[in-house]
Amino acid sequence: MVTIATKTAVITDYSSESLDESVIASKNPVVIKGLVKHWKLVDEGRQSDSSAIRYLKSYYNGRPSFACIGPPEIQGRYFYNDQRTQLNYDIKKTTIDEVLDLIEKSFAEENPTSYYIASNVIDTHFPGFRAENDIAIPRPDLGYPIEDVRASIWIGNRTTACCHYDASDNLACCAVGKRRFTLFPPDQIANLYPGPLTPTPGGQALSMVDFDNPDFEQYPNFAEAIEHGQVADLEPGDALYLPSMWWHQVESQSRFNVLINYWWSDSAKHMGPAMNVLYHALLSLRDKPEHEKQAWKHIFDYYIFGDPDRAGAHLPEEARGYLGEIDSAKARMLRAFLLNKLNR
(Lines give C-alpha, C1' and ligand atoms only; values in the text may rest on other atoms or scores of the structure.)
Protein backbone atom coordinates (compact mmCIF):
# COMPACT_ATOMS: atom_id res chain seq x y z
CA MET A 1 0.00 0.00 0.00
CA VAL A 2 1.34 3.42 -0.97
CA THR A 3 2.08 5.66 2.01
CA ILE A 4 2.06 9.36 1.20
CA ALA A 5 2.99 11.68 4.03
CA THR A 6 1.76 14.97 2.59
CA LYS A 7 -1.87 15.86 3.24
CA THR A 8 -3.67 18.22 0.89
CA ALA A 9 -4.22 21.68 2.37
CA VAL A 10 -7.44 21.82 4.40
CA ILE A 11 -9.77 24.71 5.17
CA THR A 12 -11.61 23.83 8.39
CA ASP A 13 -13.40 27.04 9.35
CA TYR A 14 -15.29 27.57 6.12
CA SER A 15 -18.69 29.13 6.82
CA SER A 16 -19.95 30.16 3.37
CA GLU A 17 -22.43 28.12 1.32
CA SER A 18 -20.66 29.09 -1.91
CA LEU A 19 -17.12 28.56 -3.14
CA ASP A 20 -14.80 31.51 -2.64
CA GLU A 21 -12.89 32.52 -5.75
CA SER A 22 -9.63 32.61 -3.78
CA VAL A 23 -9.80 28.80 -3.56
CA ILE A 24 -9.85 28.55 -7.35
CA ALA A 25 -7.22 31.24 -7.79
CA SER A 26 -4.69 29.16 -5.84
CA LYS A 27 -4.58 26.48 -8.59
CA ASN A 28 -3.56 24.00 -5.89
CA PRO A 29 -5.69 21.20 -4.41
CA VAL A 30 -7.64 22.28 -1.35
CA VAL A 31 -10.03 20.34 0.89
CA ILE A 32 -12.92 22.44 2.22
CA LYS A 33 -14.38 20.73 5.26
CA GLY A 34 -18.16 20.92 5.53
CA LEU A 35 -18.65 22.98 2.35
CA VAL A 36 -21.82 21.08 1.38
CA LYS A 37 -22.86 19.76 4.78
CA HIS A 38 -26.18 21.62 4.39
CA TRP A 39 -27.23 19.53 1.37
CA LYS A 40 -30.36 17.42 1.75
CA LEU A 41 -28.64 14.37 0.24
CA VAL A 42 -25.86 14.62 2.84
CA ASP A 43 -28.49 14.67 5.57
CA GLU A 44 -30.31 11.65 4.11
CA GLY A 45 -27.02 9.75 3.89
CA ARG A 46 -26.29 10.46 7.54
CA GLN A 47 -29.57 8.76 8.42
CA SER A 48 -28.81 5.63 6.37
CA ASP A 49 -27.63 4.44 2.99
CA SER A 50 -31.16 3.25 2.19
CA SER A 51 -32.54 6.69 3.01
CA ALA A 52 -30.09 8.28 0.55
CA ILE A 53 -31.10 5.74 -2.11
CA ARG A 54 -34.79 6.53 -1.63
CA TYR A 55 -34.02 10.23 -1.86
CA LEU A 56 -32.15 9.81 -5.16
CA LYS A 57 -34.99 7.72 -6.57
CA SER A 58 -37.47 10.47 -5.71
CA TYR A 59 -35.78 12.75 -8.26
CA TYR A 60 -34.84 10.20 -10.92
CA ASN A 61 -36.85 10.56 -14.12
CA GLY A 62 -36.27 7.06 -15.50
CA ARG A 63 -33.97 8.13 -18.30
CA PRO A 64 -31.46 5.37 -19.21
CA SER A 65 -27.83 5.68 -18.24
CA PHE A 66 -24.61 3.72 -18.57
CA ALA A 67 -23.27 1.73 -15.64
CA CYS A 68 -19.80 0.25 -15.22
CA ILE A 69 -20.11 -3.28 -13.83
CA GLY A 70 -17.07 -5.19 -12.61
CA PRO A 71 -16.91 -8.83 -11.49
CA PRO A 72 -16.12 -9.54 -7.83
CA GLU A 73 -12.55 -10.58 -8.62
CA ILE A 74 -11.49 -7.04 -9.59
CA GLN A 75 -12.45 -5.93 -6.05
CA GLY A 76 -13.77 -2.64 -7.33
CA ARG A 77 -10.57 -1.60 -9.12
CA TYR A 78 -11.51 -0.36 -12.58
CA PHE A 79 -8.45 -1.01 -14.73
CA TYR A 80 -7.22 -2.93 -17.78
CA ASN A 81 -7.31 -6.66 -18.44
CA ASP A 82 -4.08 -8.65 -18.03
CA GLN A 83 -3.07 -7.99 -21.65
CA ARG A 84 -3.81 -4.23 -21.32
CA THR A 85 -5.92 -4.46 -24.49
CA GLN A 86 -9.36 -4.03 -22.92
CA LEU A 87 -10.86 -2.65 -19.75
CA ASN A 88 -11.58 -5.15 -16.96
CA TYR A 89 -15.27 -4.32 -16.62
CA ASP A 90 -18.41 -4.09 -18.74
CA ILE A 91 -20.45 -1.02 -19.61
CA LYS A 92 -24.19 -1.61 -19.69
CA LYS A 93 -27.05 0.66 -20.66
CA THR A 94 -29.59 0.42 -17.87
CA THR A 95 -31.63 2.54 -15.50
CA ILE A 96 -30.25 4.23 -12.41
CA ASP A 97 -32.93 2.88 -10.09
CA GLU A 98 -32.02 -0.66 -11.17
CA VAL A 99 -28.37 0.00 -10.30
CA LEU A 100 -29.38 1.52 -6.96
CA ASP A 101 -31.37 -1.65 -6.19
CA LEU A 102 -28.37 -3.82 -7.08
CA ILE A 103 -26.07 -1.74 -4.87
CA GLU A 104 -28.51 -1.96 -1.96
CA LYS A 105 -28.74 -5.72 -2.45
CA SER A 106 -24.93 -5.94 -2.40
CA PHE A 107 -24.79 -4.58 1.16
CA ALA A 108 -25.19 -8.14 2.47
CA GLU A 109 -22.41 -9.59 0.26
CA GLU A 110 -18.81 -9.95 1.42
CA ASN A 111 -17.24 -9.54 -2.03
CA PRO A 112 -19.93 -8.04 -4.24
CA THR A 113 -20.04 -7.15 -7.90
CA SER A 114 -18.83 -3.57 -8.43
CA TYR A 115 -21.32 -1.00 -9.68
CA TYR A 116 -20.35 2.48 -10.80
CA ILE A 117 -22.34 5.20 -12.55
CA ALA A 118 -19.74 7.74 -13.62
CA SER A 119 -20.18 11.41 -14.48
CA ASN A 120 -23.93 11.35 -15.09
CA VAL A 121 -25.22 14.86 -15.83
CA ILE A 122 -27.56 15.73 -12.97
CA ASP A 123 -30.02 17.94 -14.82
CA THR A 124 -30.77 15.32 -17.48
CA HIS A 125 -31.57 12.51 -15.01
CA PHE A 126 -32.45 14.17 -11.69
CA PRO A 127 -34.48 17.29 -12.56
CA GLY A 128 -35.05 19.51 -9.55
CA PHE A 129 -32.37 17.79 -7.48
CA ARG A 130 -30.09 20.84 -7.45
CA ALA A 131 -32.72 22.95 -5.72
CA GLU A 132 -31.66 21.24 -2.47
CA ASN A 133 -28.14 20.18 -3.44
CA ASP A 134 -26.07 22.77 -5.28
CA ILE A 135 -23.29 25.29 -4.88
CA ALA A 136 -22.24 28.35 -6.84
CA ILE A 137 -18.95 28.20 -8.73
CA PRO A 138 -17.40 31.66 -9.17
CA ARG A 139 -15.92 32.45 -12.55
CA PRO A 140 -13.78 35.54 -11.86
CA ASP A 141 -12.82 37.73 -14.82
CA LEU A 142 -13.86 35.16 -17.44
CA GLY A 143 -17.12 36.54 -18.73
CA TYR A 144 -18.61 33.10 -19.36
CA PRO A 145 -22.06 32.22 -18.00
CA ILE A 146 -22.40 29.92 -15.02
CA GLU A 147 -24.26 27.44 -17.23
CA ASP A 148 -20.87 26.41 -18.64
CA VAL A 149 -20.22 24.55 -15.37
CA ARG A 150 -21.14 20.88 -15.71
CA ALA A 151 -22.68 19.31 -12.60
CA SER A 152 -22.40 15.51 -12.52
CA ILE A 153 -23.25 12.70 -10.11
CA TRP A 154 -21.15 9.60 -9.40
CA ILE A 155 -22.85 6.64 -7.72
CA GLY A 156 -21.43 3.28 -6.68
CA ASN A 157 -20.36 0.84 -4.03
CA ARG A 158 -16.69 0.29 -3.05
CA THR A 159 -14.74 1.20 -6.18
CA THR A 160 -11.36 2.58 -7.22
CA ALA A 161 -10.97 4.90 -10.19
CA CYS A 162 -7.29 4.37 -11.01
CA CYS A 163 -4.94 7.32 -11.27
CA HIS A 164 -5.60 9.61 -14.25
CA TYR A 165 -5.92 13.32 -15.05
CA ASP A 166 -8.80 15.47 -16.31
CA ALA A 167 -8.57 18.52 -18.55
CA SER A 168 -11.05 20.60 -16.53
CA ASP A 169 -11.01 22.18 -13.10
CA ASN A 170 -13.03 20.15 -10.62
CA LEU A 171 -14.92 20.72 -7.39
CA ALA A 172 -15.65 17.24 -6.00
CA CYS A 173 -18.30 17.20 -3.25
CA CYS A 174 -18.59 14.07 -1.11
CA ALA A 175 -22.31 13.60 -0.39
CA VAL A 176 -22.60 9.99 0.84
CA GLY A 177 -19.82 7.66 2.01
CA LYS A 178 -16.12 8.42 2.29
CA ARG A 179 -13.58 9.05 -0.46
CA ARG A 180 -9.82 9.20 -0.62
CA PHE A 181 -8.07 11.12 -3.40
CA THR A 182 -4.39 10.41 -4.01
CA LEU A 183 -2.99 13.36 -5.97
CA PHE A 184 0.11 14.10 -8.04
CA PRO A 185 1.08 17.30 -9.87
CA PRO A 186 1.18 17.23 -13.68
CA ASP A 187 5.00 17.07 -13.84
CA GLN A 188 4.95 13.56 -12.35
CA ILE A 189 3.51 11.95 -15.50
CA ALA A 190 6.66 9.96 -16.35
CA ASN A 191 6.90 8.62 -12.80
CA LEU A 192 3.30 7.39 -12.93
CA TYR A 193 3.81 5.18 -16.01
CA PRO A 194 0.67 5.93 -18.06
CA GLY A 195 -1.00 3.01 -19.82
CA PRO A 196 -2.38 2.76 -23.36
CA LEU A 197 -4.06 5.76 -24.96
CA THR A 198 -6.81 3.40 -26.03
CA PRO A 199 -8.89 1.96 -24.52
CA THR A 200 -9.43 4.36 -21.63
CA PRO A 201 -12.36 4.86 -19.25
CA GLY A 202 -12.79 8.54 -20.07
CA GLY A 203 -10.24 9.63 -22.66
CA GLN A 204 -7.09 9.79 -20.54
CA ALA A 205 -4.65 6.97 -19.83
CA LEU A 206 -4.51 5.30 -16.43
CA SER A 207 -1.38 4.92 -14.35
CA MET A 208 -0.13 1.35 -14.63
CA VAL A 209 0.94 1.29 -10.97
CA ASP A 210 -1.21 -0.62 -8.50
CA PHE A 211 -1.18 1.72 -5.51
CA ASP A 212 -2.19 -1.10 -3.16
CA ASN A 213 0.75 -3.24 -4.24
CA PRO A 214 3.28 -1.15 -6.22
CA ASP A 215 5.89 -3.09 -8.20
CA PHE A 216 9.01 -0.97 -7.79
CA GLU A 217 11.06 -3.31 -9.97
CA GLN A 218 8.80 -2.74 -12.95
CA TYR A 219 7.97 0.89 -12.09
CA PRO A 220 11.01 2.14 -10.12
CA ASN A 221 10.39 5.87 -10.66
CA PHE A 222 7.05 5.64 -8.88
CA ALA A 223 9.08 6.08 -5.68
CA GLU A 224 9.86 9.60 -6.87
CA ALA A 225 6.17 10.29 -7.57
CA ILE A 226 5.33 9.32 -3.99
CA GLU A 227 7.62 12.09 -2.74
CA HIS A 228 5.46 14.62 -4.61
CA GLY A 229 2.08 13.05 -3.84
CA GLN A 230 -0.74 14.29 -1.64
CA VAL A 231 -3.68 12.60 0.05
CA ALA A 232 -7.13 14.13 0.51
CA ASP A 233 -9.66 12.30 2.67
CA LEU A 234 -13.29 13.41 2.31
CA GLU A 235 -16.20 12.69 4.63
CA PRO A 236 -19.85 13.47 3.84
CA GLY A 237 -20.23 17.22 3.39
CA ASP A 238 -16.58 17.84 2.47
CA ALA A 239 -15.33 19.05 -0.91
CA LEU A 240 -12.05 19.02 -2.81
CA TYR A 241 -10.98 21.65 -5.30
CA LEU A 242 -8.82 19.83 -7.85
CA PRO A 243 -7.10 21.91 -10.55
CA SER A 244 -7.09 20.62 -14.10
CA MET A 245 -4.34 18.23 -15.21
CA TRP A 246 -3.52 16.97 -11.71
CA TRP A 247 -3.28 13.19 -11.59
CA HIS A 248 -5.65 11.59 -9.09
CA GLN A 249 -6.80 8.19 -7.92
CA VAL A 250 -10.22 8.08 -6.26
CA GLU A 251 -11.18 5.38 -3.76
CA SER A 252 -14.83 5.12 -2.73
CA GLN A 253 -14.43 3.58 0.68
CA SER A 254 -18.00 2.88 1.85
CA ARG A 255 -20.57 0.32 0.78
CA PHE A 256 -22.58 3.16 -0.82
CA ASN A 257 -21.00 6.33 -2.17
CA VAL A 258 -22.32 9.40 -3.96
CA LEU A 259 -20.19 12.27 -5.18
CA ILE A 260 -21.40 15.43 -6.92
CA ASN A 261 -18.79 17.23 -8.95
CA TYR A 262 -18.59 20.43 -10.95
CA TRP A 263 -16.34 20.71 -14.00
CA TRP A 264 -15.38 23.91 -15.75
CA SER A 265 -12.58 25.39 -17.81
CA ASP A 266 -10.93 28.80 -17.86
CA SER A 267 -10.65 28.60 -21.65
CA ALA A 268 -13.26 29.76 -24.14
CA LYS A 269 -15.80 27.22 -25.41
CA HIS A 270 -14.67 27.53 -29.03
CA MET A 271 -11.27 26.06 -28.18
CA GLY A 272 -10.98 22.38 -29.03
CA PRO A 273 -9.70 19.62 -26.72
CA ALA A 274 -5.94 19.77 -26.29
CA MET A 275 -5.89 15.95 -26.47
CA ASN A 276 -6.49 16.29 -30.21
CA VAL A 277 -3.13 18.04 -30.47
CA LEU A 278 -1.41 15.10 -28.81
CA TYR A 279 -2.92 12.61 -31.25
CA HIS A 280 -1.99 14.81 -34.20
CA ALA A 281 1.57 15.16 -32.85
CA LEU A 282 1.84 11.37 -32.60
CA LEU A 283 0.88 11.22 -36.26
CA SER A 284 3.03 14.09 -37.50
CA LEU A 285 5.95 14.71 -35.13
CA ARG A 286 6.96 11.84 -32.87
CA ASP A 287 8.79 9.79 -35.49
CA LYS A 288 10.54 12.66 -37.25
CA PRO A 289 14.38 12.68 -37.24
CA GLU A 290 15.72 13.83 -33.90
CA HIS A 291 17.18 17.10 -35.22
CA GLU A 292 13.78 18.00 -36.68
CA LYS A 293 11.98 17.21 -33.41
CA GLN A 294 14.37 19.45 -31.51
CA ALA A 295 13.70 22.25 -33.99
CA TRP A 296 9.95 21.76 -33.62
CA LYS A 297 10.33 22.05 -29.83
CA HIS A 298 11.73 25.55 -30.38
CA ILE A 299 8.92 26.39 -32.79
CA PHE A 300 6.25 25.23 -30.34
CA ASP A 301 7.91 27.17 -27.53
CA TYR A 302 7.84 30.27 -29.72
CA TYR A 303 4.24 29.98 -30.94
CA ILE A 304 2.47 27.99 -28.22
CA PHE A 305 4.20 27.66 -24.84
CA GLY A 306 5.88 31.05 -24.59
CA ASP A 307 4.42 34.54 -24.38
CA PRO A 308 1.30 34.36 -26.60
CA ASP A 309 1.79 37.93 -27.82
CA ARG A 310 5.44 37.61 -28.81
CA ALA A 311 4.99 35.87 -32.16
CA GLY A 312 2.79 38.62 -33.58
CA ALA A 313 4.05 41.65 -31.67
CA HIS A 314 6.36 42.82 -34.48
CA LEU A 315 3.63 42.54 -37.13
CA PRO A 316 0.93 45.07 -38.01
CA GLU A 317 -2.30 44.10 -36.26
CA GLU A 318 -4.10 43.52 -39.56
CA ALA A 319 -1.37 41.04 -40.59
CA ARG A 320 -1.37 38.89 -37.43
CA GLY A 321 -4.16 36.51 -38.47
CA TYR A 322 -4.00 33.36 -36.33
CA LEU A 323 -1.15 34.91 -34.33
CA GLY A 324 -3.66 37.31 -32.81
CA GLU A 325 -6.47 36.40 -30.45
CA ILE A 326 -8.37 33.27 -31.56
CA ASP A 327 -12.07 34.13 -31.37
CA SER A 328 -14.95 31.85 -32.35
CA ALA A 329 -14.81 32.94 -36.01
CA LYS A 330 -11.08 32.23 -36.31
CA ALA A 331 -11.59 28.93 -34.50
CA ARG A 332 -14.11 27.83 -37.14
CA MET A 333 -11.71 28.85 -39.90
CA LEU A 334 -8.86 26.92 -38.28
CA ARG A 335 -10.98 23.79 -37.94
CA ALA A 336 -11.99 23.99 -41.60
CA PHE A 337 -8.35 24.50 -42.58
CA LEU A 338 -7.22 21.48 -40.53
CA LEU A 339 -10.01 19.25 -41.80
CA ASN A 340 -9.07 20.11 -45.36
CA LYS A 341 -5.41 19.27 -44.66
CA LEU A 342 -6.20 16.01 -42.84
CA ASN A 343 -8.58 14.80 -45.53
CA ARG A 344 -6.04 15.12 -48.35
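Glu-251 is found in strand E13, where strands are DSSP runs of E with at least two residues, helices are DSSP runs of H or I with at least four, and both are numbered from the N terminus. The model is a predicted one, in which local features need pLDDT of at least 70, side-chain atom pairs count only at pLDDT 80 or more, and totals for chains, interfaces and linings use all residues. Residues are numbered from 1 along each chain as its sequence is written, and side-chain values use heavy atoms, with hydrogens and water left out.

Is Glu-251 buried or exposed? Glu-251 counts as buried because its relative accessibility is 13%; buried means under 20% relative accessible area, exposed over 50%, and partly exposed in between, with a 1.4 Å probe and protein chains only. Setting aside residues up to four places away in sequence, Glu-251 touches Met-1, Thr-159, Thr-160, Lys-178, Arg-179, Arg-180 and Thr-182, a contact being heavy atoms within 4.5 Å.

Of its 26 lining residues, Gln-75, Gly-76, Arg-77, Arg-158 and Thr-160 are the closest to the centre. On a 1 Å grid over the protein atoms alone, a pocket is an open set of points where a 1.4 Å probe fits, with protein on both sides within 12 Å along at least five of seven lines, and lining residues have an atom within 4 Å of a point. E13 gives the largest share of the lining, three residues. By class, the lining has four nonpolar, 13 polar and nine charged residues; Asp, Glu, Lys and Arg count as charged, Ala, Val, Leu, Ile, Met, Phe, Trp, Tyr, Cys and Pro as nonpolar, and the others, Gly among them, as polar.

Finally, the whole protein: its secondary structure comes to eleven helices and 14 strands, and buried residues make up 43% of the 344 residues.
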